[in-house]
Amino acid sequence: MKTVYTNQAPEAIGPYSQGIIVNNLFYSSGQIPLTPEMEIVGDGIHEQTEQVLKNVQAVLKEAGASLESVVKTTIFIKNMDDFPVINEIYGRYFDEHQPARSCVEVARLPKDVQIEIEVIALVNE
């Protein structure tokens, strides 16, 4: 196993890593809308979704993967009414390549943010 860390995404806020590579698969921890400087971005779902996807891209890059090599995403959201906005933004990042995906409404997320996304991706060799 190899631990993944980049200063281009927020540090873990607990006893976990940004992600782990096992064999040729990268498993990310959930990314929330924190900047690399650990500041929450906006209170709206649009800004928060954009930041989360930027963080996902940063950890993927560090792992030797990319959005195009993502196999599965899991999205946790605070309000299912935000799904159309999230879907529109997500679709700009995952345009032609569309990995398997789950989306779940949850009662609460770390730091009371609106969205969290985790991914599993193939590591480019």
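**Rings, strands and a pocket in a predicted model**

Q: How many aromatic pairs does the count come to in this structure?
A: The model is a predicted one, and the rings considered are those of Phe, Tyr and Trp, which pair if their centres lie within 6.5 Å. By this rule, the count of aromatic pairs comes to one.

Q: Over the ring of which residue does the charged end of R101 sit?
A: For Arg, a charge sits over a ring if CZ is within 6 Å of the ring centre and within 35 degrees of the ring normal. The charged end of R101 lies 4.6 Å from the centre of such a ring, and the residue that carries this ring is Y90.

Q: Which strands are the edge strands of the open sheet?
A: The open sheet has six strands with mixed pairing, in the order β1-β2-β3-β6-β4-β5. An edge strand here pairs on one side only, and this holds for the strand of residues 2–4 and for the strand of residues 100–105, that is, for β1 and β5. From one strand to the next, the twist averages 15 degrees. The edge strands asked for are thus β1 and β5.

Q: Do strands β4 and β6 run parallel or antiparallel?
A: Strands of a sheet pair through backbone hydrogen bonds, in either of two directions. Seven bridges join β4, residues 70–77, to β6, residues 115–122. Among the bridge partners in β6 are I120 for K72 and I117 for I75. The direction in which β4 and β6 run is antiparallel.

Q: Which residue in β5 is the bridge partner of T73?
A: Six bridges join β4 to β5, and these two strands run parallel. In β5, the bridge partner of T73 is R101.

Q: How many charged residues are in the lining of the largest pocket?
A: About 180 Å³ of space lies in the largest pocket. Of the 14 residues that line this pocket, the closest to its centre are A12, I13, Y16, G30 and I32. By class, the lining has seven nonpolar and five polar residues, while the number of charged residues is two.

Technical notes
Residues are numbered from 1 along each chain as its sequence is written. This is a predicted model: local features need pLDDT of at least 70, side-chain atom pairs count only at pLDDT 80 or more; totals for chains, interfaces and linings use all residues. Side-chain values use heavy atoms; hydrogens and water are left out. On a 1 Å grid over the protein atoms alone, a cavity is a set of points where a 1.4 Å probe fits but cannot get out, and a pocket is an open set with protein on both sides within 12 Å along at least five of seven lines; lining residues have an atom within 4 Å of a point. Grid points are joined across faces, edges and corners, and a volume is the space filled by probe spheres set on the points. Ala, Val, Leu, Ile, Met, Phe, Trp, Tyr, Cys and Pro count as nonpolar, Asp, Glu, Lys and Arg as charged, and the others, Gly among them, as polar. Rings of Phe, Tyr and Trp (its six-membered ring) pair if their centres lie within 6.5 Å; planes under 30 degrees apart count as stacked, over 60 as edge-to-face and the rest as tilted. Two strands pair if DSSP finds at least two bridges between them. Helices (H or I, at least four residues) and strands (E, at least two) are DSSP runs, numbered from the N terminus. Axes are lines fitted to C-alpha atoms, for helices over the stretch in contact, and angles run from 0 to 180 degrees between N-to-C directions.
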